[in-house]
Amino acid sequence: MAKEEKKFMEGNEAMTAGAIAAGARFFAGYPISPSSEVAKSAAKELPRHGGIYIQMEDELSSMAALLGASLAGKKAFTATSGPGFSLMQENLGLGIMSELPCVVYDVQRSGPSTGAATKPAQGDLMQARYGAHGDHSIIALAPSSVQDCYDLSITAFNLAEKYRTPVIFLADEVVGHLRETLTIHPVKPEEIVNRKAPAPGTAQKDFRPYNYENAEVAPMVAVGDRNLLMRTTGSTHNEKGEFNPSPENINRVTHYLLDKIEKHVDDITITRKYQLEDADVILISFGCSVRSSLNAVQLLRKQGIKAGLLQLVTVWPMPEKEIREALKQAKTVVVAELNMGQLAGEVRKFNDYGCQVIQANRTDGVLITPQQIVDAYKGGTK
């Protein structure tokens, strides 16, 4: 059995290592700062594991190739940043409608448009949830360390396979280019989730690659399977994958695409809690801003202020239960993020408790500092 290894890696490289550990064997992408190292390491490492790397002509074709590989039975991933993520949205919607498992690494940068290509930001939070049109749900995870980049990559692929959905890995420039020591744990076969297969002996007339009667995903086979025909289309379809735009079926499909994720939120949600036992000031953050928030908690504690931190690892579906618990407990909640308040707006939606919600934002392409978070708290409570 393989032993644990200590490695000194960049976050972007750890994402590729985690993807391969999860069983990913296909990458299609187009280099873009600050995610290019994911593509570079995939080009180097995938062939060593029997995988395939393809550099596409743009992000539209990259996402299309990703879905094609998934439909052919492979665990597949791509990496991009803001402008490329925008271009991927149409085919991301196809992946959602066709229920094709895959992982999209979005290493966020400052925007809009070209913005500041090498500067950090966390402005893609809402795009990850609502970028593809129509009603649906999505899973998005946000790493805050190089260890997360590895471990959560495995989690992302497991969730993609379990719920037959694209999963967004919402990293950022700080974490993507950060170098830290991480532990590579041996991954046991039982720790890896693979897509559900039809029962042995299933006949074509009985095969249903989609299921709209409840919130449980249907089995699927790879295109080209010798025994079963796998149909899919981006149009609204029935359980056999055949086009069906009836009002009844449209309604069923729409509710299913929400329910298969939202009804399993307890299984999907990952949060971390730091010094919340007695906290009456609670910081809420995700991604790179968690690192500054942790230090801000210590600064406040040294000043006699009972502060704690709720870290959102799963950012979509939004961890409503945990956020409500924080709002109910605290007198003040401070939301720290590198945007104008995308997470803060979601937190306020759940604030039925009279808690003061303060924003700590930075939007100049520089990581927010612990002191800036402390200052935001003190300025908001005057």
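R301 counts as partly exposed at 23% relative accessibility, where partly exposed covers the range between buried (under 20% relative accessible area) and exposed (over 50%), using a 1.4 Å probe and protein chains only. R301 forms a salt bridge with D278, a term that asks for a side-chain nitrogen of Lys or Arg within 4 Å of a carboxyl oxygen of Asp or Glu. D278 is partly exposed too, with a relative accessible area of 37%.

A word on the source: this is a predicted model, in which local features need pLDDT of at least 70 and side-chain atom pairs count only at pLDDT 80 or more, while totals for chains, interfaces and linings use all residues. Residues are numbered from 1 along each chain as its sequence is written, and side-chain values use heavy atoms, leaving out hydrogens and water.

By the salt-bridge rule the count comes to 18. Here are some of them:

| Pair | Closest N to O distance |
|---|---|
| R301 and D278 | 2.7 Å |
| R324 and D352 | 2.9 Å |

Now for the whole chain. Buried residues make up 54% of its 382 residues, and its C-alpha trace spans about 70 × 45 × 45 Å along the principal axes.
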